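I opened the file to look up a few helices, strands and backbone angles. My notes follow in the order in which I took them.

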Amino acid sequence: MSNSTTPLYKVGQIKKHFPVLGGVLRRTKGYVKALDGVDLEVFRGETISVIGESGCGKTTLGRMLALLDKPTDGELSFDFGNGLQDVRSLRGENQMKFRKKVQMIFQDPYTSFNPRQRVGAAMDEVLRVHGVKDEAERNARILEACEMVNIRPEYLQRYPHEFSGGQRQRLAIARCLATKPELIIADEIVSALDVSIQAQIVNLLLKIQRETGLSFIFVTHDVAVARYVGHRVAVMYLGNVVEILPAESLPEAAEHPYTIALLSAVPSMNPKAKEDRVALQGEVPSPIDMPSGCAFSTRCPSVMDICRTERPVLKISNISKGDHQVACHLNKGA
Amino acid sequence: MTLSTSKDLILDLKKVNVKFKVEDDTIHILRDVSLSLPRGSFLCVVGESGCGKSVTAQAIVQLLPDNGQISSGEILFSSDNNDVELNKLEKFGKEMRDIRGGKIGMIFQDTLSSLNPAHKVGRQVAESLLQHFDISKDEARTRVIELFRKLGIPDPERRYDAYPHEFSGGMRQRVMIAIATVCEPDLVIADEPTTALDVTIQAQIMTLLKDLQKTAGKSFILITHNMALVSEVADHVAVMYLGRVVEYGTVNEVLRDPRHPYTKALMASVPTLDADKDVELQTVEGQTPSPAEVTVGCEFAGRCPYVIDACKEKTIEMTQISSSHEVRCIRLDANGKLPVLVGGATNE
């Protein structure tokens, strides 16, 4: 979907290191490298699915993109309409302008609403904070957003506990849409829902995107949903993006040994998938003491000597080229 | 009352009803649940939240919450050529305690809250052994370490003395499997054991359970909502909706050729890795009603695209469509097929 040449949002070598404190004096003993140099470009109208296992940094990446956490190092630039502009230094009103353009939806719809506030009031508050002063306009925007997510306007007078999980997640989406954002970061928004409700939300997101041309970052651990929702899929492992590829080329085109192993671990209705399974040995190493070289080298079935010493960088795949990038020494680059 | 008359069944549930008292109301949670499990087979119970799959597991081992009660039905369990009616046993009586943990092992989803954080994991596994067998502590330790090794826990001698928080989620689930299997039970009930785990770890754990079934001949009941997982491990599948089993059969019958409208919808709503991205996911209109709302007729009638008036009038009985495949739906024709939907009646 990279039809336009300049990205809406550019992330360059972003790092987030959380200090690990220890001892009586609470001195810094080391760092958890939650993100260790991630590059990503989000284009207009594009959905990027970010997948990976727990602890790989996918949620931290989402929070970083929404400026909910400050990165330790790296570049974050957003296009407000006149070219890419650094957003890390934004303060006050300018930062609010950014927050209006980039909204986030969280996993747990039970905790993302105030239980003592009517949902309509919660949505109204967001718009007031973002400077929509005219009440009639606020109401019109809320109604429009509710219509997009199929929530009846009379429901706005209700409290969050009166809704089911799926409805609450739709309200969270509506609250986001009301500010007319350009990018929505959705962090595991369907993980807590039953499959039949999950399908409703997934269909809804795709419909919203078709109608509004918004960009989405869709963070999930479910590979099949990621492939279905996204235009491109970014695979993360231990704070790094190891592969980015067009979603429809999955699972066949996957090249990184980790992506291949992850895909093959997904249970499948197809009996053949089980026979071809690559069983990964061991567990994800701790992000406090990362292996030197490639982070995956300790579990990789095709590990070579160079992998243990030198960290591979994202390069265009020498097999499928184009939109497909892999960070692996097996990939020689195009 | 013998189970071994026709087939060698290890567990047979006959029209089990469970009711919960909530304030002044009684809510009917399990409705005539009948399930039979041949010895050595792997049964998966699938359904969405609130369908009663966990309550079924709790009813079998008599661990229902205090406000829940088996109101009618029989739960027969057969072990050592001896049939017992579990529902007749006293909840915390000696017989039930011997069966629970001894003959029937249990694995739960949330490992962090099922393990005691203040005790070493090895001791928690050994506790079960010491409870059910007359052996020394040293012998128990040896047997637990041996089992840890078999379950792929690295460095078992040292890990015996570790605390739960020192283990990762996957390793803790292995410890739970150790607790469930250390007494060599005949039947293991696993309630969503891998839901909280990553897929690569899930694959390791499921391989482990499948090996236990194949090599040690144990029977399994796996409770899950993941259809793809079911298709990989199950021999038999029971699909539940709002407290009732709506379809039951072998894995091939239920997953490759689902007949109940709910099973069909459930299968079509999950995206797969080879799904066509241009085809919209099928959804089930509305949401699962509360068990108090539906009292007569088919529980799925309110959301079913095939619904007719007769569906809402009386309780729907199971229809046998092959020797092993049963479906609870009156819209099936003589060949066990659903009618073809004509325009507009589909779920949109």
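Which residues are buried in helix 5 of chain B? I found A140(B), V144(B), L147(B) and F148(B) buried there. They sit on the same side of helix 5 of chain B, because they cover an arc of only 105 degrees around the axis. I keep in mind that this is a predicted model.

**Entry: helix 5 of chain B, continued.** I looked up the extent of the helix. Helix 5 of chain B runs over residues 137-150, which makes 14 residues. From first C-alpha to last it reaches 20 Å, close to the 20 Å expected at 1.5 Å a residue. On the other side of this helix I noted D138(B) and E146(B), which are exposed. An α-helix has 3.6 residues a turn, so residues three or four places apart point the same way. I then checked what the buried residues of helix 5 of chain B pack against: helix 4 (121-132), helix 6 (156-159) and helix 7 (169-181) of chain B. After helix 5 of chain B comes G152(B), with a positive phi near 80 degrees.

**Entry: M171(B).** I placed M171(B) in helix 7 of chain B. Is M171(B) buried or exposed? M171(B) counts as buried, because it has 22 C-beta neighbours inside 10 Å. I also looked up its distance to G152(B): the two C-alpha atoms are separated by 8.8 Å, and the residues are 19 apart along the chain.

**Entry: strand 9 of chain B.** I went to residues 236-241 and looked up burial. Six of the six residues of strand 9 of chain B are buried, so the strand is largely enclosed by the rest of the structure. H236(B), A238(B) and M240(B) point one way, while V237(B), V239(B) and Y241(B) point the other.

In strand 9 of chain B, V239(B) stands opposite V46(B). Strands 9 and 10 of chain B form a hairpin with two residues between them. L242(B), in the turn, has a positive phi of about 45 degrees.

Entry: I found R97(B) in helix 2 (residues 94-99) of chain B. R97(B) is partly exposed, because 16 other C-beta atoms lie within 10 Å. I then looked at Q62(B), in the loop between helix 1 (53-60) and strand 4 (68-79) of chain B. Phi of Q62(B) is positive, near 60 degrees, and the residue is not a glycine. Q62(B) is partly exposed, because it has 19 C-beta neighbours inside 10 Å.

**Entry: helix 1 of chain A.** I moved to chain A and checked residues 58-65. Helix 1 of chain A is mostly covered, with seven of its eight residues buried. Among them are K58(A), R63(A) and M64(A). L67(A) follows this helix, and its phi is positive, near 60 degrees.

**Entry: open sheet of chain A.** I traced four strands in the order 2-1-4-5, an open sheet with antiparallel pairing. Strand 2 (27-42) and strand 5 (84-86) of chain A are its edge strands, and each pairs on one side only. The twist averages 30 degrees from one strand to the next. Strand 4 (residues 73-79) and strand 5 of chain A run antiparallel and are joined by three bridges. One pair I noted is D79(A) with L84(A), its bridge partner in strand 5 of chain A.

**Entry: backbone of chain A.** I looked up the peptide bond from L250(A) to P251(A), which is cis, with omega near -5 degrees. P251(A) is in the loop between strand 10 (240-246) and helix 8 of chain A. E188(A) is not a glycine, yet has a positive phi of about 50 degrees. I placed E188(A) in the loop between strand 7 (183-187) and helix 6 of chain A.

**Entry: contact between the chains.** How many residues does each chain give to the contact? I noted 34 residues from chain A and 31 residues from chain B. Helix 6 of chain A gives the largest share of the side of chain A that touches chain B, seven residues. By class, that side has 19 nonpolar, eight polar and seven charged residues.

Technical notes
Residues numbered from 1 in each chain as written. Chains lettered and ligands numbered in written order. Predicted model: local features only at pLDDT ≥ 70, side-chain atom pairs only at ≥ 80, totals over all residues. Expected span 1.5 Å × (residues − 1). Buried ≥ 20, exposed ≤ 12 C-beta atoms within 10 Å, placed from the backbone. Arc of directions from axis to C-beta. Contact = placed C-beta atoms within 7 Å. Nonpolar A, V, L, I, M, F, W, Y, C, P; charged D, E, K, R; others polar. Pairing = 2+ DSSP bridges. Axes fitted to C-alpha atoms, helices over the stretch in contact; angles between N-to-C directions.
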